[in-house]
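This report describes one protein model, moving from accessibility and overall form to individual residues.

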Amino acid sequence: MQEFTNETIDISALPKFEEVPLNKIDSKYFNIILINISIFLEY
C-alpha cells in the first residue's frame, strides 16, 4: 500500500474568489433542495 502524502500547494497559484464567475443553480435543483428541507423538517 502506498503511503499517503499531503503535498503543499502554492497559494498564489489558486484563483481569486472574486474573479471566479458564479453560475446560477438550475431551478430543478432548487426544487430538490426544497423537497429535502421539507422532508427534514417533518421529522
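A residue counts as buried under 20% relative accessible area, as exposed over 50%, and as partly exposed in between. The model to which these classes are applied here is predicted. I32 has a relative accessibility of 44%, and therefore counts as partly exposed.

**Overall form**

Along the principal axes, the C-alpha atoms occupy a box of roughly 45 × 35 × 15 Å. The protein has 43 residues, of which 0% count as buried. Its accessible surface amounts to about 5100 Å², and carbon and sulfur atoms account for 62% of that area.

**The nonpolar patch**

Which residues make the nonpolar surface patch of about 860 Å²? The patch is formed by I25, Y29, F30, I32, L34, I37, F40 and L41. Among these residues, I32 is found in helix 1, and L41 is placed in that helix as well, which spans residues 27-42. I25, by contrast, belongs to the segment before helix 1.

| Residue | Relative accessible area | Class |
|---|---|---|
| I25 | 48% | partly exposed |
| I32 | 44% | partly exposed |
| L41 | 63% | exposed |

L41 is classed as exposed because its relative accessible area of 63% lies in the range over 50%. I25, at 48%, is partly exposed, since that class covers values between 20% and 50%. When residues up to four places away in sequence are left aside, I25 touches F30 and I33; F30 is itself a member of the patch.

**The segment before the helix**

D10 lies in the segment before helix 1. The side chain of D10 makes a polar contact with the side chain of S12, at 2.8 Å.

Two C-alpha separations describe how residues are placed relative to one another. D10 and F40 are 30 residues apart along the chain, and their C-alpha atoms are separated by 40 Å. For I32 and L14, which are 18 residues apart in sequence, the C-alpha to C-alpha distance is 31 Å.

Methods
Residues numbered from 1 in each chain as written. Predicted model: local features only at pLDDT ≥ 70, side-chain atom pairs only at ≥ 80, totals over all residues. Heavy atoms only, no water. Patch = residues over 30% accessible without salt bridge, like charges linked within 9 Å, V, L, I, M, F, W, Y side chains within 5 Å. Areas by Shrake-Rupley, 256 points an atom, 1.4 Å probe, with all protein chains shown as cover. Salt bridge = Lys/Arg side-chain N within 4 Å of Asp/Glu carboxyl O. Helix = DSSP H or I, 4+ residues; strand = E, 2+ residues; numbered from the N terminus. Buried < 20%, exposed > 50% of the residue type's maximum accessible area, 1.4 Å probe, protein only. Contact = heavy atoms within 4.5 Å. Polar contact = N/O pair within 3.5 Å; in protein donor to acceptor, adjacent residues only side chain to side chain.
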